[in-house]
Structures are given as structure tokens and as C-alpha cells.
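Work through the exercises below with the sequence and the model at hand. Each task is followed by a solution in steps.

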Amino acid sequence: MNMIETVCYSDSVSGTVHLPGDKSISHRYAMMAAIAEGTSVLKHFASSRDCHSTLGCLRSLGVELDESGDTVTILGRGLRGLKAPDGILDAGNSGTTMRLLSGILAGHPYTFSISGDPSLSNRPMGRIIRPLMQMGASIESREKDLPPLKIRGGSLKGIRYVLPVASAQVKSCVLLAGLYGNDPTAVKATVPTRDHTELALKEFGAVVRFDEDWIAVDPGPNLRARNLSIPGDLSGAAFFLAAAALAPNSDLYLPGVGLNGRRRELLNYLMEAGLDLSIENETVEAGEPRGDLKVRCSPELVEGRLPPIRRDRVAALIDEIPVLSVLGSQTAGGVEICDAGELRIKESDRISAIAENLRSMGVAVEEKKDGLNVPGGQRLRGADIHTRGDHRIAMAFAVAGLSAEGETRIHDAECADISFPGFWAALRAVIKE
Ligand code: S3P
């Protein structure tokens, strides 16, 4: 399907946006509910296609679950209770499904095959294969550690593992496998990444300990079912924050947004750049903070520059770099992104996709091996945007289209559903065309 969405200049992004449930948290709650004892009810579960890939895999593993609106009820099968599936598990476009679920599969005494769509089939899995094999699982992959994976699991041994890459998915995979070890498992994460797995493990009753950069999990306690509500997805909010900052008459309200300590680095970053943002009604549920965001057009941000994104900040802003690149081009001083080679192995090669699409909109941009240099003060011109089927590229360039002269046509626009079904309707509801 090639659905084309057309976006034109809007001088205002105003009203209210209700965000889908957080994608990262939804994956984790669903997986942990599946291996818990008892029935979990997960409210405001992500509508994203990726999280439905996780639910589909869980169903194939014998997990009974019911979806009613955005509430998902999951009958846990216990820590070692997943069944051998009849066929191949399909993780779709979702790296999180494949990488996190593999940690759980490695603890079950069966052979599992897990595959994905063409994008996921080109994403590196050596980063989870190596620690899982050290723990005693046997894993086969296509050449160069690419999916599909064939995992033969069983009883595992605990390991102490220094993460070679700043990745929450790898950290989470090893910690989940650690539930099945004969000793505690610990991972050392020198660069902090989102900690939803650690928080959720504790919430479901696992024993998690923190010692400087080390995070350890004890094997084996039975997880207990939980009733939880998932906050709105801050990474989905990012597109609207950027759009509202740029349009001169904006006033936008985003209620119930997840404000996890690691993820809210986005807000700290944007406020440092001059975003006119207020955060209200902050609460914490199941360790996950949430609050309501109010954002207005932000002349200070537009007249300044975005701080450079490098080193530890890359991991904190990893999913937001496409939209921050667009935003940077519309500030006076631009933005520079370094140390971000990971972006080349996301749902698409995002460094190349950002550079190509910014250029087609008339923006000069320097593409580097591990980043981008986006000079500021540039006028965007409407163009045809080639999303490469990557949801974050589609939504980032919708924001570009709102600031551009003329018409911007986003191709394969349906890929926004990967993380944000309803994105286009939500956008149309708050703009003036
Ligand atoms: C995610 C972690 C990040 C992020 C992805 C979701 C998660 O990936 O890019 O969209 O839910 O753990 P990496 O851990 O590979 O950086």
C-alpha cells in the first residue's frame, strides 16, 4: 500500500492531542504479564502495530489474551509456561519484540523460530545472540547475525555482562533471560538507557538490584499479575512538541504523557533550547511518572540553536533525532548530531533518510558516518518524502511539511501506524490548512 498524506503550511498547532499508550512500556508489560501467575489487566495499551506484533507472538506461544478497546487482559502462564508454537513467530517490524522476547524464549526448553519483515530482517541480532549463548542458549541466525533466529532454550546460567552498545533492548533481553538463570545475572550499562524493563520487573515481583552501573536480576521468583495503566507515548508527543514550537500561533495540550526519567531527557533538551513548555499534574504509577504537557510557539527556540546531540545524549534522544533534525533546520543556529551510528541500523538507515529528505526539501545538510550537521536558518520547500517505510521518518517530515512553503507529500504514510495509529487524524485535528 502506498498511502500518500499531503501536508501544507500551518501557522497554528493548537488544541488537544491524546497519545497512544507508550510503545516501550506496552511491550514489556505484555511480555511480563504473559509469564506471570494470574490475570493482568493493562489499560491504555499501545495501539501501535509493533505492540500487536508482540501480542501476536504471545498468542502463538499459548498465551490467552483479550483486547477490548485499549484494554488488554492477559492470562499469565507462569515463568516457564510458554508453549512451543506451531509455526514461526512473526515480530513484524518490531526490534523490541524480537530482542526482548528472545530473552524469555531462551529460558524455555523448546526450539523457537522468530522472523520479521524485510526491515527487521536486516537489523543486527549478534548483540543479543552473544550474551544469550554465553548463558547457554543455542541460537542460529542468517549470515552476519541477521534474522530469522532459531533459538533452542533451556536452563541458563547467570552471567555478568558489560553491554557493548548503549541499547535498552539488549539490556532488557539479558535481564529477562536472567529470570531463567541458575545464578543472578547482571548487566553493566555505562551509558544510561530507558529503564522501563527494570521498573516493570520490580512491579511484577522480580528481584532487581542496582549497584553503580550494574543492574542485577535474581532468577526465578514467580512473577505476579498486575493491573496497570500505560502512560501516553512521549516519543509520539515529540512530533507535536516540535510542530507547536515552530508554528507562530500554537497552544497545544497533551494530557497523560509518560515522563520516565530517561525518556524525559527530550523535554530537558528542548527546554534548554527554549521550548515554551509547562508540565502539570505529575503523578507516578508503577514507577512510571506521567503528566500533562502544555506547549506554545517558542520564538526563543526558533531564534537560537539546538544543543549538539552527542555521546550519552544520543541514547537518551535516539528515537527523536529525526524530528530534532527537522526542528534544527528551522532554528537560526541548526543542530549537530555525532556519535549516532546506531541510527543507521534502526527501522531504516535514519541518517541517510533524514539527509535525503531534508535535501529534497531544499535544505543543505552534511551527512557524516555517525551523524548529521544540519545548518539553521533554512527555508523548507514542499517535496515528495520517501519514508522508506519508517514511521519516525514519516512523522518527522509531516512536521517539516507544516513549516514548508507549498505541498509536502509523504509516501507510504501508513507506516506511522507502527508506533502511532491515528497520527494523521490527530495532526489534522490541531492544524489550520
Ligand atoms: C527501545 C529501545 C531503543 C529504541 C526503540 C525502543 C525499547 O532501541 O530505539 O525504539 O523499547 O527498548 P535500542 O535499544 O536498540 O537503542
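Buried means under 20% relative accessible area, exposed means over 50%, and partly exposed lies in between, with a 1.4 Å probe and protein chains only. The model is predicted, so local features need pLDDT of at least 70 and side-chain atom pairs count only at pLDDT 80 or more, while totals for chains, interfaces and linings use all residues. Residues are numbered from 1 along each chain as its sequence is written, and side-chain values use heavy atoms, with hydrogens and water left out.

**Exercise 1.** Locate the cis peptide bond between Pro-147 and Pro-148 and give its omega.

Step 1. The bond joining Pro-147 and Pro-148 has an omega of about 5 degrees.
Step 2. Pro-148 is part of strand S10 (residues 146-152).

**Exercise 2.** Which strands stand at the edges of the open sheet of three strands?

Step 1. Write down the order, which is S1-S24-S23, with mixed pairing. Two strands pair if DSSP finds at least two bridges between them.
Step 2. Strand S1 (5-7) and strand S23 (384-385) each have a single partner strand, so they are the edges and one side of each lacks a neighbour in the sheet.
Step 3. S23 and strand S24 (residues 408-410) run parallel and are joined by two bridges. Asp-384 is opposite Arg-409 in S24.

**Exercise 3.** Describe the surroundings of Asp-50.

Step 1. Asp-50 sits in helix H2 (residues 49-60) and is buried, at 2% relative accessible area.
Step 2. Leaving out residues up to four places away in sequence, Asp-50 touches Lys-23, His-27, Asn-93, Ser-94, Thr-97 and Ile-418; contact means heavy atoms within 4.5 Å.
Step 3. Ser-26 is 24 residues from Asp-50 along the chain, and their C-alpha atoms are 9.8 Å apart.

**Exercise 4.** Classify the ring pair of Tyr-110 and Phe-112, then that of Phe-420 and Phe-423.

Step 1. Rings of Phe, Tyr and Trp (its six-membered ring) pair if their centres lie within 6.5 Å; planes under 30 degrees apart are stacked, over 60 edge-to-face and the rest tilted. The whole structure holds seven aromatic pairs.
Step 2. For Tyr-110 and Phe-112 the centres are 6.0 Å apart and the planes at 85 degrees, so this pair is edge-to-face. Tyr-110 is partly exposed at 32%, whereas Phe-112 is buried at 0%.
Step 3. For Phe-420 and Phe-423 the values are 5.4 Å and 70 degrees, so this pair is edge-to-face. Phe-420 is buried at 2%, and Phe-423 is buried at 1%.
Step 4. Ring pairs also link Phe-239, Phe-240, Phe-420, Phe-423 and Trp-424 into a cluster.

Technical notes
Helix = DSSP H or I, 4+ residues; strand = E, 2+ residues; numbered from the N terminus.
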